[in-house]
Amino acid sequence: MLETHLGLSSHHSGLVSARAFRSILVTVHRPQQQHWTWREVADEPHAAVLFATGEGADGTPLPVARFVPPHAVESIEWSRSSEVIAVWVPLETLRELIHDAPLRPLTLHPTPMVQAFRAFTLAIARNTEDSTSISRYAIERLLAEMVFGALLEVFAGDLPERGQAPLAERARSTMLLHREDPQFTIAELASELHVSLRHLQRAFAKLGTTPGDALRRLRVELAESLLRNPDYEVLTIEEIAAHSGFTSGLQLRRALRAEGLPSPTRIRPSR
C-alpha cells in the first residue's frame with residue numbers, strides 16, 4: 001500500500017512498525033521526506049486515516065486527522081519531527097456508509113469521536129504485546145466503527161449542502177454504527193435521528209419493511225460473515241451472537257431462521 005499510493009519503500013516512508021488486524025492495518029511512521037505525494041489508484045481497495053503529531057513543514061500545527069480515499073491526489077506536508085499513524089481500512093467497509101457516493105479527502109475535526117479514535121489508535125500502535133484472536137477481532141471492529149463514526153459526523157455535517165439523505169438511508173447508517181450493541185433499540189435510533197418512532201416506521205414501510213427487521217438483517221449479515229470466516233472459528237456461537245448484537249445464541253438462531261438461513265452450526269464451515 002505504501003509503494004502503491006506513495007511510491008515509497010517502507011524505509012523511505014519512515015515505517016517504524018505495523019500491526020495487522022485481519023482486514024485493517026495500523027502503521028507508524030517518522031517520515032524521512034517533508035511531504036508525501038498520495039497518488040490516485042483506481043484498483044486499490046484501501047483508504048487511510050492519518051493521525052499526526054508535531055508541525056507541518058511550514059511550521060503550522062498539523063490537523064488532528066486526515067481521511068484520504070484511494071482515488072485521491074494529495075500532497076501531504078510533514079516536518080522532520082512528525083510522527084504519523086495510518087489506519088488502512090478496506091473501502092468495502094465504508095461502502096455500507098457511502099454507498100456509491102464519491103469520497104474526497106477530508107480533514108477530521110477534533111470532535112470527541114475523533115479524539116477518542118486518535119487516542120485508541122495511538123494506544124494500539126504503541127502496544128507491541130501479542131493479543132488473542134478474540135481481542136484482535138474486537139480491536140478490528142472498534143477501529144472500523146470509529147472510522148465509520150468519524151466519517152458519519154462529517155457527512156451529517158454536510159447534509160445541508162448536499163441535500164438531506166432519505167431518512168431510511170440515514171437510519172441504516174446509524175444502525176450500522178450501533179448494530180453490535182445488543183442494547184441499541186429502534187426507540188434509541190429514532191431519538192438519535194431526532195424523529196418520532198412513527199415517522200421512522202413510515203419511512204421503512206415505504207420500502208416494504210420495518211426498522212426492526214432492517215436492524216435484525218444487518219446483525220444477521222455480520223453474524224453470518226463471522227461464522228463463515230475461519231479466522232473466527234475460535235469464537236463460540238454465544239460469542240458470535242454477542243459480537244453481532246444479539247443477546248444470546250438462541251436469539252441469533254431465531255434471527256437466522258427469520259432471514260431464511262440455516263443454523264449457526266450449519267453456516268460455519270466444518271473443520
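# Exercises on a predicted model

H12 sits in the loop between α1 (2-6) and β1. The model is a predicted one, and the exercises below start from this residue.

**Exercise 1. Determine whether H12 is buried, partly exposed or exposed, and find which residues it touches.**

Step 1. The relative accessible area of H12 is 40%. Buried means under 20% and exposed means over 50%, so H12 is partly exposed.

Step 2. Leaving out residues up to four places away in sequence, H12 touches Q32 and Q33.

Step 3. H12 and Q32 are 20 residues apart in sequence, yet their C-alpha atoms are 5.8 Å apart in space.

**Exercise 2. Give the counts of helices and strands, and the share of residues that count as buried.**

Step 1. The protein has 11 helices and eight strands.

Step 2. It has 271 residues, and 46% of them count as buried.

Step 3. Among contacts with a separation of 6 or more, 68% join residues 24 or more positions apart.

**Exercise 3. Work out the strand order of the six-stranded open sheet, and name its edge strands.**

Step 1. The order is β1-β2-β7-β4-β5-β8, and the pairing is antiparallel.

Step 2. β1 (15-21) and β8 each pair on one side only, and these are the edge strands.

Step 3. From one strand to the next, the twist averages 20°.

Step 4. Within the sheet, β4 and β7 form an antiparallel pair over eight bridges. T53 stands opposite E83 in β7.

Step 5. Helix α3 lies across β1, β2, β4, β5, β7 and β8, and runs at about 90° to β4.

**Exercise 4. Locate H46, and decide whether it is buried or exposed.**

Step 1. H46 belongs to strand β4.

Step 2. The relative accessible area of H46 is 16%. The limit for buried is under 20%, so H46 is buried.

Step 3. Beyond its neighbours within four places in sequence, H46 is in contact with M1, H5, S23, P70, W88, V89, P90 and L91.

**Exercise 5. Describe the largest nonpolar core: how many residues it has, and which of them touch the most other members.**

Step 1. This core has 31 residues, and those touching the most other members are V49, F67, L94, L108, F117 and L143.

Step 2. Two or more residues each come from β2 (24-29), β4 (46-53), β5 (65-68), β7 (83-90), α2 (91-98), β8 (106-108), α3 (112-126) and α4 (133-162).

Step 3. The element that gives the most is α4, with eight residues.

**Exercise 6. Find how helices α5 and α7 pack, and classify the angle between them.**

Step 1. α5 (residues 167-178) and α7 (residues 197-205) pack at an angle of about 105°, and their axes are 9 Å apart.

Step 2. Angles of 65 to 115 degrees count as roughly perpendicular. α5 and α7 are therefore roughly perpendicular to each other.

Step 3. On the α5 side the contact is made by L167, A168, A171 and M175, and on the α7 side by H199, L200, A203 and F204.

Step 4. Seven residues of this contact are nonpolar, one is polar and none is charged.

**Exercise 7. Sort the residues of strand β6 by covered and uncovered face, and name the strand that pairs with it.**

Step 1. In a regular strand, side chains alternate between the two faces of the sheet.

Step 2. In β6 (residues 74-77), E74 and I76 are on the covered face, while S75 and E77 are on the uncovered one.

Step 3. Strand β3 (residues 35-38) pairs with β6 in the antiparallel sense over four bridges. The bridge partner of T37 in β6 is S75.

How values were computed. Residues are numbered from 1 along each chain as its sequence is written. This is a predicted model: local features need pLDDT of at least 70, side-chain atom pairs count only at pLDDT 80 or more; totals for chains, interfaces and linings use all residues. Side-chain values use heavy atoms; hydrogens and water are left out. A nonpolar core is a set of buried Ala, Val, Leu, Ile, Met, Phe, Trp, Tyr and Cys residues joined through side-chain atoms within 4.5 Å. Buried means under 20% relative accessible area, exposed over 50%, partly exposed in between (1.4 Å probe, protein chains only). Axes are lines fitted to C-alpha atoms, for helices over the stretch in contact, and angles run from 0 to 180 degrees between N-to-C directions. Angles under 35 degrees count as roughly parallel, over 145 as roughly antiparallel, 65 to 115 as roughly perpendicular and the rest as oblique. Contact means heavy atoms within 4.5 Å. Ala, Val, Leu, Ile, Met, Phe, Trp, Tyr, Cys and Pro count as nonpolar, Asp, Glu, Lys and Arg as charged, and the others, Gly among them, as polar. Two strands pair if DSSP finds at least two bridges between them.
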